[in-house]
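I opened my notebook for a quick tour of this one. Here is what I looked up, entry by entry.

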Amino acid sequence: MKTVIEVGELTKDYNGFTAVDHISFEVEEGEIFGFLGPNGAGKTTTVRILTGVIKPTSGKVSIMGFDLRSESIKAKQIIGVVPELSNAYNELSAWNNLQFMADLYGVPKNHAKKRAEELLNKFNLYDRKDHKVKTFSKGMKQKLILAMSLMNDPEILFLDEPTSGLDVISARLIKDMVLELNKGGKTIFLTTHYMEEANELCSRVAIINHGKIAAIDAPEKLKMRIAGLEWVEVSFDMPVDASDLLDLSGVIDVRMSGDKLRLYTNEPGRTIYQLVDYSRSNNLEIVMLNTLTPTLEDVFIKLTEEKG
Amino acid sequence: MIDQLKRACAIAKKDIRIYYMKGPVVIFGILFPVFLFLAFVIGRDLTVDFLIAGLLSMTIFFTSMSITPVIAPTETQTRSLERLAAAPVSITTILLGDMLASVLFGIGISLVPIMVGMAIGVTVEHPFILAAGIVLAAFCFSAMGLIFSSTPTSMTSTVMMISTMVKFPLVFISGIFIPVGELPLWGQVLALASPLTYITDLCRYSFQGTNYYSILVDATALMIFFVIFMTVAIKLHGRSLPKRL
Ligand SMILES: Nc1ncnc2c1ncn2[C@@H]1O[C@H](COP(=O)(O)OP(=O)(O)OP(=O)(O)O)[C@@H](O)[C@H]1O
Ligand SMILES: [Mg+2]
């Protein structure tokens with residue numbers, strides 16, 4: 001395994017506010033590396049530093065062996081970027097946007113033409129290729145930006161929340177595309193809010209909060225970290241007092257989520273018996289009863305709450 | 001190095017497609033200097049070649065500086081800048097590209113007053129010097145335009161205001177309406193500080209054969225101004241680019 005992204009003690013200060021705080025990690029070739037964190041955690045700041053758009057306050061980044069400080073042009077040459085809040089040129093056609101990217105990365109003309117055709121076809125944009133981007137829908141624009149980031153056939157692809165704001169079908173298309181690119185050997189660095197997305201796509205996930213990395217591991221291993229703690233989800237036909245349930249044996253914590261109650265317990269079996277007794281003695285009907293193991297979301301919430 | 005130059009050309013091509021292929025820009029570029037010029041020369045007894053030389057230098061001045069200040073704030077607003085900043089191009093390359101587009105536009109439009117002049121019987125006595133001067137001046141003023149847009153704003157109007165506040169006073173101290181030699185002493189000193197003075201002088205020489213400074217001084221001054229403007233622009237934009245994202 002080859003390390004393709006190496007980050008050491010990376011820090012970014014904005015006038016005394018530390019957006020990224022001494023983070024270190026490595027990404028191996030062929031990984032889909034997820035960067036997961038709440039709003040304002042420092043994901044975009046990190047991506048901007050890794051893609052050479054802004055300079056870090058301190059710390060070291062190397063991309064495929066190129067130090068970003070001294071060889072940023074060489075590093076940028078071999079990466080593709082889909083920024084979080086970025087647009088293609090609205091006044092240019094899809095085709096001209098792609099050709100402009102090819103020129104910026106020095107892709108030879110005939111090669112660029114073939115590649116643009118391929119990508120437009122793949123993203124179902126070919127028949128709109130000569131239309132100005134300002135006539136495109138949000139999903140079409142996002143697909144075009146992804147296509148633009150692929151014009152130079154990058155080794156590493158950085159995606160900053162690529163599916164945010166897209167409908168299920170467009171998001172699916174982009175996710176499938178990411179998986180396909182990864183199968184083709186590309187390393188992918190993906191930031192997202194969506195747990196499911198990270199769980200589904202990523203081989204490893206870093207959870208970042210307040211500029212610090214709270215954990216890095218494979219999704220399943222992260223879930224195991226908080227295993228041992230399981231819970232029972234229950235819903236009654238009438239509202240109940242959560243504090244009653246806290247008295248049941250084994251129950252550590254009770255949380256409301258919607259019309260459901262979540263009972264954190266270390267003895268799920270006993271808790272269920274007691275719930276049944278409780279419903280009988282209070283004349284309640286159980287509408288739903290479920291035992292669950294932790295999801296990535298639980299890990300996320302647990303880790304981000306701890307540090308917050 | 002060559003790669004970066006090619007990429008600068010790609011950026012220039014993009015700028016031309018987006019910013020210059022618009023009717024209003026072209027029309028404004030031609031009409032504005034003409035009207036300003038007419039407003040000041042009508043009723044005064046000046047020779048035609050004197051007028052054309054002044055009009056030409058003013059046209060280069062205004063057209064070369066019309067778009068470079070607008071590109072950065074517009075791309076800040078439309079959020080297309082981050083994509084460009086992530087590409088393997090240096091800030092110098094980006095600015096060079098923007099400037100190149102502006103230079104081509106400046107040169108293109110400056111042909112209009114020359115043709116008008118020739119149509120009414122003015123002859124260009126030193127065409128090669130004139131051509132070289134126009135190119136040099138176009139670079140110089142495009143670079144100057146870049147400085148105006150180096151505040152990290154997304155408001156085109158702010159930049160336009162700043163640039164107008166600088167542009168207009170310069171027109172009056174650069175020997176366009178009154179030859180430098182006829183200015184009072186303080187005016188002559190001020191004129192030295194304006195790059196527009198030197199291209200005006202160079203145009204006078206090319207059309208009339210007479211000039212106030214020497215051609216060498218004119219060319220050197222334009223070159224020095226260009227280098228200063230470019231250096232300052234690269235520094236300032238390097239600092240403001242991260243703030244635009
Ligand atoms: N240019 C800037 N100047 C000052 N502070 C900034 C700047 N950019 C980001 N920040 C701050 O840095 C922190 C991290 O921001 P960042 O955009 O990296 O978060 P994020 O994890 O991408 O969040 P989101 O999920 O909302 O996109 C935030 O508190 C933000 O206010
Ligand atoms: Mg973000």
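Entry 1, the surface. Which residues make the nonpolar surface patch of about 500 Å²? I found Ile27(B), Leu31(B), Phe35(B), Leu38(B) and Ile42(B) in it. I keep in mind that this is a predicted model.

I went to the magnesium ion, ligand 2, and looked for its donors. Thr44(A) coordinates it through OG1 and Glu84(A) through OE, at 1.8 to 2.5 Å. Thr44(A) belongs to helix α1 of chain A (residues 43–50), while Glu84(A) is in the loop between β6 and α3 of that chain, so the pair ties together parts 40 residues apart in sequence. I also checked how covered each of them is. Thr44(A) has 16% relative accessibility and counts as buried, whereas Glu84(A), at 30%, counts as partly exposed.

Pro83(A) lies in the loop between β6 (79–82) and α3 (94–104) of chain A. Buried or exposed, I wondered about Pro83(A)? It is buried, because its relative accessible area is 3%, and the cut-off is under 20%. Leaving out residues up to four places away in sequence, I listed what Pro83(A) touches: Ile145(A) and Asp160(A), plus Glu82(B) and Arg83(B) from chain B.

How many residues of α3(A) are buried? I got 11 of the 11, so α3(A) is largely enclosed by the rest of the structure. Among them are Trp95(A), Phe100(A), Met101(A) and Leu104(A). Their cover comes from both chains: it includes α4 (109–122) and α5 (138–150) of chain A, and α1 (2–20) and α5 (81–85) of chain B. Just past α3(A), I noted Gly106(A) with a positive phi of about 65 degrees.

I ran along helix α6 of chain B, residues 91–119, which has 29 residues. From first C-alpha to last, α6(B) reaches 43 Å, close to the 42 Å expected at 1.5 Å a residue. After α6(B) comes Gly121(B), and its phi is positive too, near 95 degrees.

Technical notes. Residues numbered from 1 in each chain as written. Chains lettered and ligands numbered in written order. Predicted model: local features only at pLDDT ≥ 70, side-chain atom pairs only at ≥ 80, totals over all residues. Heavy atoms only, no water. Helix = DSSP H or I, 4+ residues; strand = E, 2+ residues; numbered from the N terminus. Buried < 20%, exposed > 50% of the residue type's maximum accessible area, 1.4 Å probe, protein only. Contact = heavy atoms within 4.5 Å. Donors = N, O, S within 2.8 Å, 3.2 Å for Na, K, Ca; no water. Patch = residues over 30% accessible without salt bridge, like charges linked within 9 Å, V, L, I, M, F, W, Y side chains within 5 Å. Areas by Shrake-Rupley, 256 points an atom, 1.4 Å probe, with all protein chains shown as cover. Salt bridge = Lys/Arg side-chain N within 4 Å of Asp/Glu carboxyl O. Expected span 1.5 Å × (residues − 1).
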